[in-house]
Amino acid sequence: MTRSTFLPLAIITAMLAITSTHAFTSITSTTRPSPSSSRITSRLMSASLDPVTYLRTEWVSAALCTNQTPRSSDTLLQLGTTDGRIINFVPRTIRTIITSSIEPMDGPENGGLTVGCKRQLKQMGERRGVGGMNVVYSDQRADDLKETASGSVDVVFMFQCVGRMVENGVDWKGAVREGE
């Protein structure tokens, strides 16, 4: 190797060694949101995953939901419905999905499901082709399941929504007790 090719190669190597990447550092060490902005923190945490890790966690979530749902189950309650993933995550033996909201009472939906959430549930159902599955768009709060009769649900799911429940003033422990 001649001196003329060694020098640029050495400079590039030194620049790469000096430049730090954030691929293996936690999100808390790269950004410092204020303690009062927990909503921003939760969005940054979910945005910090690389695509491969995100797909792996989605695949594991789907597999856990599918494998842990008994085949004899007909009715499912989702505590804290925020999107339409539940449609793809449950086995086709489920006939009814009942939703519950974690939106704030002073929000535009008055504590009900968002329009985007309803749209995602509808689109996911159409894409999956779940003709026999009924989605009950319930605007009940997750911690006050007044529209769902006791003993009418076979399976209860709760997808990564505890952080948003706390942000929006929903009692997540009460929601778990309500789902029992």
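The second largest pocket in this predicted model is lined by Leu77, Leu145, a run made up of Thr148, Ala149, Ser150, Gly151, Ser152 and Val153, then Val156, Glu178, Gly179 and Glu180. Its volume comes out at about 180 Å³. Below is a quick tour of that pocket, the sheet and the confidence values.

**Pocket**
- By residue class, the lining of the second largest pocket splits into 5 nonpolar, 5 polar and 2 charged.
- Glu178 and Glu180 are both on the lining list, and so is Gly179.

**Sheet**
- There's an open sheet of 4 strands here, ordered E3-E2-E1-E4 and paired in parallel.
- Strand E3 (134-136) and strand E4 (155-157) sit at the edges with a single partner strand each, so one side of each has no neighbour in the sheet.
- Going from one strand to the next, the twist averages 20°.
- Strand E1 (residues 75-78) runs parallel to strand E2 (residues 96-98), and 3 bridges join the two.
- Within that pairing, Leu76 stands opposite Ile97 in E2.

**Confidence**
- The protein has a mean pLDDT of 76, with 73% of its residues at 70 or more.
- Residues 1-44 have pLDDT below 50, and beyond near neighbours in sequence this stretch has 14 contacts in the model.

Terms used
Residues are numbered from 1 along each chain as its sequence is written. This is a predicted model: local features need pLDDT of at least 70, side-chain atom pairs count only at pLDDT 80 or more; totals for chains, interfaces and linings use all residues. Side-chain values use heavy atoms; hydrogens and water are left out. On a 1 Å grid over the protein atoms alone, a cavity is a set of points where a 1.4 Å probe fits but cannot get out, and a pocket is an open set with protein on both sides within 12 Å along at least five of seven lines; lining residues have an atom within 4 Å of a point. Grid points are joined across faces, edges and corners, and a volume is the space filled by probe spheres set on the points. Ala, Val, Leu, Ile, Met, Phe, Trp, Tyr, Cys and Pro count as nonpolar, Asp, Glu, Lys and Arg as charged, and the others, Gly among them, as polar. pLDDT is the predictor's confidence in each residue, from 0 to 100. Contact means heavy atoms within 4.5 Å. Two strands pair if DSSP finds at least two bridges between them. Axes are lines fitted to C-alpha atoms, for helices over the stretch in contact, and angles run from 0 to 180 degrees between N-to-C directions.
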